[in-house]
Amino acid sequence: MSILENLQAIIGDRAIACDAIEGDRRGGDFMTRGHAPLAVVYPTSTEELSKVMALCNEARQPVVPQGGLTGLSGGATPGSAGMVVVSMDRMRAIEEIDVDAQTITVQAGAVLQTVQEEADAAGMFFPLDLGGRGSAQVGGLISTNAGGNRVLRYGMMRDLVMGIEAVLPDGRIISSLNKMLKNNTGYDLKQLFVGAEGTLGVITRANLKLYPKPASTVTAFCGLPDYAAALAFLRRARSALGGTLSAFEAMWADFYELATQEARRPLEGRYPIYVLLDALGSDPDADAARFELMIASAIEAGEVEDAVIAQSTRETLDFWKIRELPAEFNRVFAPHIPFDVSTPTGSIGAFRDDVDARLKAAFPTLGAIYFGHIADANLHIGIQAAHGEDPAAVKSVVYDTVRDWNGSVSAEHGIGTEKRKYLGFSRSPDELGLMAAIKLALDPNGILNPGKVL
Ligand SMILES: Cc1cc2nc3c(=O)[nH]c(=O)nc-3n(C[C@H](O)[C@H](O)[C@H](O)COP(=O)(O)OP(=O)(O)OC[C@H]3O[C@@H](n4cnc5c(N)ncnc54)[C@H](O)[C@@H]3O)c2cc1C
């Protein structure tokens, strides 16, 4: 029997051969293209997936886990022909919301926006948020340790995962589901799967942390004279807003100009740097007054040259639409090469100037725009290589600069295939050796997501 027939013997018509359309959809993620898979499997339970994995392991059949396919590093892209894709699209259940434990228990295929909405309906708040919210699944978010817009207050996905259930490459089910904040019973196995990009196991369920629902959101869009002012403004906002500061997004001028070609400009003047900031609080009147005072004092100190505070939810969404331009990059900034690097917050301005100078020296016609979650030490670089520039040469310039600054080649999108060559710029040989040993221990036959990360 063929591998497909064997899979169908386990889960019937939820193992399908790929036709041209499905093969095209499943052959790549948001940024990369690979190979159409041999077959796609849609398990509906952990037990079913366990049988699928045991069969594939026995047959030495390579398997690629896929979530919402919004990844930006090639982690979910089949790297060669003949692979089996495991899709979590039929495991989307929201199983439980526990208001006392402040947790939500979900299947790994649950979509981020659904988790946010279900938490909201229960009077709670799931804080992780990013542009791919309408498609990205919990399993994918955990596997890439996704960050997004509210990391400075609530942390990355790693900080929001309390428990995980996963199926190992040989079919064993590891249940580290857990709703207890304090649980010091040996190695924290769930963390092995966070950021592993589907190379150590397929995540099937998770307990995620919830927070009290904020009663107020105050948002401002500001124009600043330089990066030093952005740092001073960040320090001020952190201390003056008493822990309610939830987003602090920097956008350099070229990003703002591109983003406002199709959107309303919140600020008419032109500034070297723009900052979009959000504070989520519990007392609408007091929160708004404190926020306004903080902005006024930043203007007085010369950190901010102009600012507008959103007066409605519509206006808040309009401000955020500018920051969410990257979702449109494939349309308005193609062909596009994305970077998500990090250096410590204090040095991002100088790092950005250095990388920009090196890029312009090497590729005078290249388009480069800069933006990022600077409070999280995360700078995004968007490159438009529209004049035949070699992507590999562009990557070398950026990652060489990251290495010179002792930074990280991936702040939040992961390594996948796109940054594999550069992982050694940010991790030592001993660290890489330990990662390889862990991979070998969990996946001795190398069937799960081969060619990714390591
Ligand atoms: C418009 C846009 C904006 C974005 N903004 C941000 C941002 O601000 N911050 C940020 O961090 N990221 C951002 N991202 C990328 C982000 O990494 C992904 O959105 C998300 O984390 C991946 O989820 P997914 O379900 O789409 O996973 P996929 O793309 O399907 O897969 C991603 C990786 O996870 C693995 N995987 C998927 N499901 C499972 C599972 N159940 N078990 C094991 N492995 C699995 C895959 O094998 C792959 O390696 C953005 C993406 C887009 C398109």
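Q: Between which domains does the ligand lie, and why?
A: This is a predicted model, in which local features need pLDDT of at least 70, side-chain atom pairs count only at pLDDT 80 or more, and totals for chains, interfaces and linings use all residues. Residues are numbered from 1 along each chain as its sequence is written, and side-chain values use heavy atoms, with hydrogens and water left out. Domain bounds come from an automatic or database domain assignment. Both domains give residues to the shell around the ligand, so the ligand lies between domain 1 (94-212) and domain 3 (327-413).

Q: Which helix gives the most to the shell around the ligand?
A: The ligand is surrounded by 36 residues, each with a heavy atom within 4 Å of it. Strand S3 (63-66), helix H5 (138-143) and strand S10 (202-209) each supply at least two of the shell residues. With 4 residues, the element that gives the most is H5.

Q: At what distance does a polar side-chain atom of Thr144 lie from an oxygen atom of the ligand?
A: A polar contact is a pair of N or O atoms within 3.5 Å. A polar backbone atom of Glu197 is 3.1 Å from a ligand oxygen. For the polar side-chain atom of Thr144, the distance to an oxygen atom of the ligand is 2.8 Å.

Q: How many disulfides does the structure hold?
A: A disulfide is counted when two cysteine sulfur atoms lie within 2.5 Å. The sulfur of Cys18 is 14 Å from the closest cysteine sulfur, in Cys56, which is too far for a bond. The number of disulfides is 0.

Terms used. A polar contact is a pair of N or O atoms within 3.5 Å; within protein, one must be able to donate a hydrogen and the other to accept it, and residues adjacent in sequence count only if both atoms are side-chain atoms.
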